[in-house]
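The following paragraphs are intended to be read alongside the displayed coordinates.

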Amino acid sequence: MAERQAPPYVTLRGHPLTDDEFREREASTAWTPRLEYAWDAGTAISRFLEGLRQGAIYGVRCRQCGRTVTPPRAFCELDFKPMDEWVKLSETGTINTFSICYVTWDMKPLRVPQIPAVIEIDGTSPRVGFLHLVGGVRGRTVDEIRRQVRVGMPVRAVWKPPAKREGAITDILYFAPVRKRAPR
Amino acid sequence: MSLIKRKPQRRVAIVGAGLSLFMRRALDTGKELSYYAASQALDAAGVRRKDIQAVVMATAPDAFDGVHMKGEWLLDGAGGVGKPYLRAYVGGGSGVFSIISGWMMVASGLFDLVLVVAEEKMSSCQPHPQGAFLTIFDHIIERPLGPNLLWIFSLEQQRYMAAYGIQNEDIALVSVKNKHNALAHPAAQVAAQLTVKDVLDSEVVAWPVHRLMVSPISDGAAAVVLASEHVAQRLADHPIWIQGVGWCLDTSYWGNRDLAYPRYVEQAARMAYEMAGITEPRRQIHVAEPYDPFAYKELHHLEGLQLADRGKAPDDLARGRFDRGGELPSCPSGGLMGVGNPIAAAGLMKICELFWQLRGEAGTRQVAGNPERGLAQAWGDLMQVGTVAVLGVR
Amino acid sequence: MGFEAATRAYDDAGVTHQDIDSFVSVCEDFHEGTSITDEYTPDQLGAVLRPVHTVAGDGLQGVAAAVMLIRTGIADLVAVEAHCKTSNILAHEQVLTMALDPSYERLPGITPHFVAGMEMRRYLHETGAPEDAVAMVVVKNRRHALSNPVAAYGEVLSPDDVLASAAVCAPLREREISPPADGAVVLVLASEEAARRTPKPVWIRGVGWASDSPWLAARSWGQASYASLATQMAYQMAGITKPDQEIRFAEVDDTYAYKELQHLEAAQLIPRADAARIVLEGGTRRGGRLPVNPSGGSLGMGYCFDATALYRTAEAVRQIRGEAGRAQVEHAATGLVVSWRGIPTQSGGALVLSAD
């Protein structure tokens, strides 16, 4: 009905296949590529990763615009000048946004959800954050997790033991909610 | 501040459009899908492949097809053999960028008749096309965390909701509107009559995103024929003019941006508005096709396009402003949420929709009031690129 | 690398990144190992929140896009960028193999260079060219590279050295395939008015690009038909009617040595089937009648995937400016660049450049 009453007013072409039809057909080829790449980290990220191995989060400051950012980069993309003032940042931060993910990339269900988040590390300019995971949270349902994780909440990095660190972003296991302490 | 050096002298019009079906999995190859859409656009324009002087192809990640340099592989289906053929690629923004690239070709004076094709065949990618997106993340500081595509959308949606106090019920209304609109679209893959409750009852994939808030994996193609002014006058009674185009790419450091507002969409829109001489978009744009790969994105983008106040698009939606019968119909086609999302083809599908709407040929999808100017927008990369085209009857 | 190339290019043009109106990047996902490689382009060009787009194609298609953009009037200065880190790609042959049609053309267990081997065989057959001529291209370009400070593979070779190298897919030999290199190129293009305000403009008189059928089964193996179409388009734009007389030197794609000969004939710089003779006589050396690849080409500089065409262009620009040092061709007033996307494509571009 839509075809006759709406543009382009001609039969649209295409042969949809259901999953079963796809599986039953003989005429298909498959190819599993072997694609391997070895990326150089670049000068800035290499130093950042080394910092992680030491248990520290580094950022850089641009002398021109004054922004302090992480992850560090070799040049300020706004001023287009080299960035070489390295700053050791705190291991605490604030949750800018988070999500509770119940599926893998190929849409298989996850029993225990992952909680990706953008963490704004203390000591950086406003709205500067990077991707990581939130952990140390009880429960699996959306409601349970939302009771413990909120936008704007303070978090602290939880590290792998020094011997297990590799100089990778995963040297931080996750960021955990900071429990409120009584003021001194 | 001016975003263009000067207004272009040469005018460019759309004189024909074509589509294939949008399907979850097509038997047809990418070349065949391109051919369906391209040949239909040529027929509609009343021209033949030999008249075409150049071809632009838009198609998104090569990883979907498992073919390196897939632009080359697809070129025969797009009518490119023996011609100047070029593939422009800005991730999901490619669908609307394809027409910008075609516009450049004609507005430069180099060509008078150009074919623009956008194609996507996502289904070849096993076990799931989402796998193609695993490699969009920074290889050193993001991929080791095991991210998947849903993360970036859910993180952005959550930021948008938290920044403005928006509820999931407000967002679910986009799915309802677009899937309903798509019932009248012949290419539609996922049209449906739903309620907000249906949407929120669907499983949570990555909170706050529910399954019915996500556009599907699709195979499909779209095409348009562009012509210079004197050729357009000869070919078509009602050519639709490309009045303005804009595009903008933000930094790849997406964690260093405020995700609540797509400033790159605003920049792209401002560039297009400047070219089109638009100073009051809310009054001067009569129909909109913003990019809606996820329900919340339509709202997010409408705000970036200056068609709604920041954080207020959900209110406008709730009171019917964006319905097909409302003050500013948005996604009258049914959008990606209703018609389908073969990545690059989806953006060009929106252009096709505006072409028909502005000619009063949209049949059961027609928005009332003789719209004279429309806007299509696409988005892509790592929440970075905005591509905008303003079309009009003059 | 991109940042460095961009900084130098902007400096050379006497502009800053903020003066650039629009940016074009030329890259392919599978060369980067990243889907939607476009994402990672703006920062190193100083192009954040600016109009940036990617042409997933040949470097000269990127240049063509910039030319068209400037001719629309909305931009006066456009930067075109390409880079390659071949050293990051561990299984390049796998990547190349994936460019072949998966249903009909992708043969497992055979090097993808078979496409070049077959083309070369047909070219030699149709033209009667001896393999020595192909070997001489390698000798010439590697020698030219010795005078080029950015070239990676300059060396002194004899034709026998080339002919003695292992057969990759006969008649194609190992030394006839350009070896990989890493690099980045940024070009700044300007409208006439804007160009006159820069220190050393080199003028684009004509640009062309074309694609012939991607199917292996539907091509003229012995001829570079895409290059004929592309050069014709560029010549028409440039008002060139006798290319063999009006073009002083050429930087043409030599990804495989035989391609240089094919491209010269397709570009009508040398009559069909005559390229071999002229190469053997030394006519295409830097001091010869028609210097070809005075930079060393890809054989001498290294093969840089998507950046290759831009390297050819940058080298041609240096020649026309008289800045090529020991690699300088005399009276290099008008040059031609011919590019190719590599196997298994039949796509390439052409650019006519001149001093005024």
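The account below begins with chain C and then turns to a sheet.

This is a predicted model, in which local features need pLDDT of at least 70 and side-chain atom pairs count only at pLDDT 80 or more, while totals for chains, interfaces and linings use all residues. Residues are numbered from 1 along each chain as its sequence is written, chains are lettered from A and ligands numbered from 1 in the order in which they are written, and side-chain values use heavy atoms, without hydrogens and water.

Chain C contains 14 helices and 10 strands; these are DSSP runs numbered from the N terminus, helices being H or I of at least four residues and strands E of at least two. Its C-alpha atoms occupy a box of roughly 50 × 45 × 35 Å along the principal axes. Of the 356 residues in chain C, 69% are buried, that is, under 20% relative accessible area with a 1.4 Å probe and protein chains only. Among contacts (heavy atoms within 4.5 Å) with a separation of 6 or more in chain C, 75% join residues 24 or more positions apart.

An open sheet of 4 strands runs in the order 8(A)-7(A)-5(B)-6(B), with antiparallel pairing. Its edges are strand 8 (109-114) of chain A and strand 6 (209-210) of chain B, each of which pairs on one side only; pairing requires at least two DSSP bridges between two strands. In chain B, strand 5 (residues 204-207) and strand 6 pair in the antiparallel sense over 2 bridges. B:Ala206 has B:Val209, in strand 6 of chain B, as its bridge partner.

Technical notes:
Buried means under 20% relative accessible area, exposed over 50%, partly exposed in between (1.4 Å probe, protein chains only).
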